[in-house]
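The following briefing is meant to be read alongside the sequence and the coordinates.

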Amino acid sequence: MKKICIIGIDTFGKHILEILIKMDTDLIIIDRNKNIIQDYKDRVSASYIIDVTNFESVKKVIPKGLDIAIVDLGKNIESSILVTSHLKKLGIPQIVVRAESDQHGSILDMIGATKVIYPNREAAKRSVPLLLSELILNYIEINNEIIITEIILPGSYDGKNALELDLRNKYGINIIAVKNKNEEEYRFYNAKDRFKNGDTAIIAGSESNIMKILNISERKLKKEIFFSIKSFFSFFRSKNKNI
């Protein structure tokens with residue numbers, strides 16, 4: 001069983017917490033907000049209200065053999081840097097930290113974070129493909145090489161199968177599962193099964209290859225992602241100035 005500690009239950013931390021609670025994990029939470037701790041204390045292995053910027057306080061509550069520490073202190077950049085440094089000193093093997101900016105992320109990398117998360121940027125990036133094509137229902141980036149997405153198959157596929165369309169050789173994609181509009185559950189796809197009009201599919205491949213079958217150019221995708229992210233952060237900067 002994995003030992004995981006979440007330090008700071010801000011928006012990102014809370015989403016992670018809600019997922020991990022449902023899994024078989026030894027889960028510890030730390031936050032300065034008494035109400036948050038109160039809400040979750042009976043659903044986790046241990047919970048603490050401490051000053052996380054104090055190394056000795058952190059050292060006392062972090063158990064030996066901790067596998068992963070997840071840090072989400074919201075916009076408190078200085079505290080997240082201090083906590084990451086504390087966790088590095090304690091020898092935590094995996095330190096996942098939410099960053100507010102590129103500069104913040106660079107500092108976290110330098111002081112020992114093993115993975116830096118940019119939640120707002122990732123949310124914007126995932127949203128752009130959904131906006132570019134009505135055929136895309138869900139879009140998950142596994143890494144720089146692999147995308148898994150749920151799409152409505154093009155009407156031109158009706159009555160044909162993956163072998164006839166030569167999808168693997170022509171586009172470099174693999175169809176994992178298919179569901180017809182009259183079906184509730186996905187079923188694993190056999191390459192000889194013929195598609196029907198209105199089928200949805202879960203497919204895996206590179207970003208550029210998936211975009212090809214949807215007639216979205218890679219250049220257009222990257223351009224839209226850039227402007228979406230730029231607009232997203234411009235909006236929040238303007239909001240923060242008015243607060």
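## Helix packing, salt bridges and a surface patch

Helix H4 (residues 77-89) packs against helix H5 (residues 102-111) at an angle of about 15 degrees, and their axes lie 9 Å apart. Because an angle under 35 degrees counts as roughly parallel, H4 is described as roughly parallel to H5, and the crossing of H4 and H5 is right-handed. The model is a predicted one, and seven salt bridges are found in the structure.

**Salt bridge between Asp-10 and Arg-98**

- Asp-10 and Arg-98 meet through their side chains in a salt bridge, with an N to O distance of 3.1 Å.
- Asp-10 sits in the loop between strand E1 (2-7) and helix H1 (11-21), whereas Arg-98 belongs to strand E5 (residues 94-98), so the pair ties together parts that are 88 residues apart in sequence.
- The two partners can also be described by their accessibility: Asp-10 counts as partly exposed at 30% relative accessibility, while Arg-98, at 11%, counts as buried.

**Salt bridge between Lys-75 and Glu-100**

- A salt bridge also joins the side chains of Lys-75 and Glu-100, here with an N to O distance of 3.5 Å.
- This pair links distant parts of the chain, since Lys-75 is placed in the loop between strand E4 (68-71) and H4, and Glu-100 in the loop between E5 and H5, 25 residues apart.
- Lys-75 has a relative accessibility of 59% and therefore counts as exposed, the cut-off for that class being over 50%.

- Glu-183 forms a salt bridge with Arg-187, in which the closest N and O atoms are 3.4 Å apart.
- Glu-183 is partly exposed, its relative accessible area being 31%, and Arg-187 likewise counts as partly exposed, at 33% relative accessibility.

**Nonpolar surface**

- Ile-140, Ile-142 and Ile-146 make a nonpolar surface patch of about 260 Å².

Definitions and conventions. Residues numbered from 1 in each chain as written. Predicted model: local features only at pLDDT ≥ 70, side-chain atom pairs only at ≥ 80, totals over all residues. Heavy atoms only, no water. Patch = residues over 30% accessible without salt bridge, like charges linked within 9 Å, V, L, I, M, F, W, Y side chains within 5 Å. Areas by Shrake-Rupley, 256 points an atom, 1.4 Å probe, with all protein chains shown as cover. Salt bridge = Lys/Arg side-chain N within 4 Å of Asp/Glu carboxyl O. Axes fitted to C-alpha atoms, helices over the stretch in contact; angles between N-to-C directions. Helix = DSSP H or I, 4+ residues; strand = E, 2+ residues; numbered from the N terminus. Parallel < 35°, antiparallel > 145°, perpendicular 65-115°, else oblique. Left-handed = near helix turned anticlockwise from the far one by under 90°. Buried < 20%, exposed > 50% of the residue type's maximum accessible area, 1.4 Å probe, protein only.
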